[in-house]
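Please have the sequence and the model in view while I talk.

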Amino acid sequence: MDKKILVAYFSCGGDTAMVAKQLARAASADIFSIKPTVPYTEADLDWHDKNSRTSVEMRTMESPEIAERVENMDDYSVVFVGFPIWWYLAPTIINGFLKSYDFSGKTIIPFATSGGSELGKAEAVLQAKTSPDAKWLPGKLVNGDLTVDDMKAWIKELGI
């Protein structure tokens with residue numbers, strides 16, 4: 001692989017983090033955890049409560065402030081962006097992450113984890129957050145136990 005690859009992900013429950021680590025190993029990629037400045041509590045994540053922090057964020061599409069930046073984003077030509085599916089979309093922190101960088105000329109590949117939802121319109125919404133010069137490849141919903149070899153096969157399918 002002659003391209004420098006980054007796997008950037010947001011995870012609350014650990015599932016997306018596990019997938020991101022497998023993907024980073026398979027792609028020989030660097031890894032970056034996207035974290036809010038103010039961590040989410042269990043009450044914040046209660047999607048049954050329409051006034052919980054995440055419910056409000058998803059309703060208003062307000063992105064929380066991100067704790068750290070990828071200092072060398074210009075070095076990467078391929079960026080995998082991982083997240084859990086919330087309300088059939090990516091969490092708003094992913095919107096904030098994508099708007100924080102210039103992805104012109106970069107290839108972006110989303111991946112998501114979910115207990116039952118599909119990627120739905122998440123990809124289209126995310127694409128609108130980046131430069132029109134960014135190249136988006138089809139995303140993947142990753143549920144269950146995928147091995148490093150499974151991830152390598154996906155990367156090969158993508159032509160990365």
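Let me start with a question: which residues line the second largest pocket? Before I answer, please keep in mind that this is a predicted model. The lining is made up of Tyr9, Phe10, Ser11, Cys12 and Ala17, then Ser33, Ile34, Lys35, Pro36, Pro39 and Tyr40, and finally Leu45. By class, nine of these residues are nonpolar, two are polar and one is charged, and the space in this second largest pocket comes to about 170 Å³.

The largest pocket, for its part, holds about 530 Å³ of space. It has 24 lining residues, and those closest to its centre are Pro84, Ile85, Trp86, Thr113 and Gly115. When we sort the lining of this largest pocket by class, we find 11 nonpolar, 11 polar and two charged residues. The largest share of that lining, four residues, is supplied by helix H1, which covers residues 15-27.

The crossing in which H1 passes H5 is right-handed. On the H1 side the residues in contact are Val19, Gln22, Leu23, Arg25, Ala26 and Ala27, and they meet Val148, Met151, Lys152, Trp154 and Ile155 of H5. Taken by class, this contact has eight nonpolar residues, one polar residue and two charged residues.

I will finish with charge pairs. Side chains of opposite charge can pair when their charged atoms come close. The count here is three salt bridges, and one of them joins aspartate 30 to lysine 4, with the closest N and O atoms 3.8 Å apart. This pair links distant parts of the chain, 26 residues apart, with aspartate 30 in strand S2 (residues 30-33) and lysine 4 in the segment before strand S1 (5-9).

Methods:
Residues are numbered from 1 along each chain as its sequence is written. This is a predicted model: local features need pLDDT of at least 70, side-chain atom pairs count only at pLDDT 80 or more; totals for chains, interfaces and linings use all residues. Side-chain values use heavy atoms; hydrogens and water are left out. On a 1 Å grid over the protein atoms alone, a cavity is a set of points where a 1.4 Å probe fits but cannot get out, and a pocket is an open set with protein on both sides within 12 Å along at least five of seven lines; lining residues have an atom within 4 Å of a point. Grid points are joined across faces, edges and corners, and a volume is the space filled by probe spheres set on the points. Helices (H or I, at least four residues) and strands (E, at least two) are DSSP runs, numbered from the N terminus. Ala, Val, Leu, Ile, Met, Phe, Trp, Tyr, Cys and Pro count as nonpolar, Asp, Glu, Lys and Arg as charged, and the others, Gly among them, as polar. A crossing is left-handed if the near helix is turned anticlockwise from the far one by less than a right angle, and right-handed if clockwise. Contact means heavy atoms within 4.5 Å. A salt bridge is a side-chain nitrogen of Lys or Arg within 4 Å of a carboxyl oxygen of Asp or Glu.
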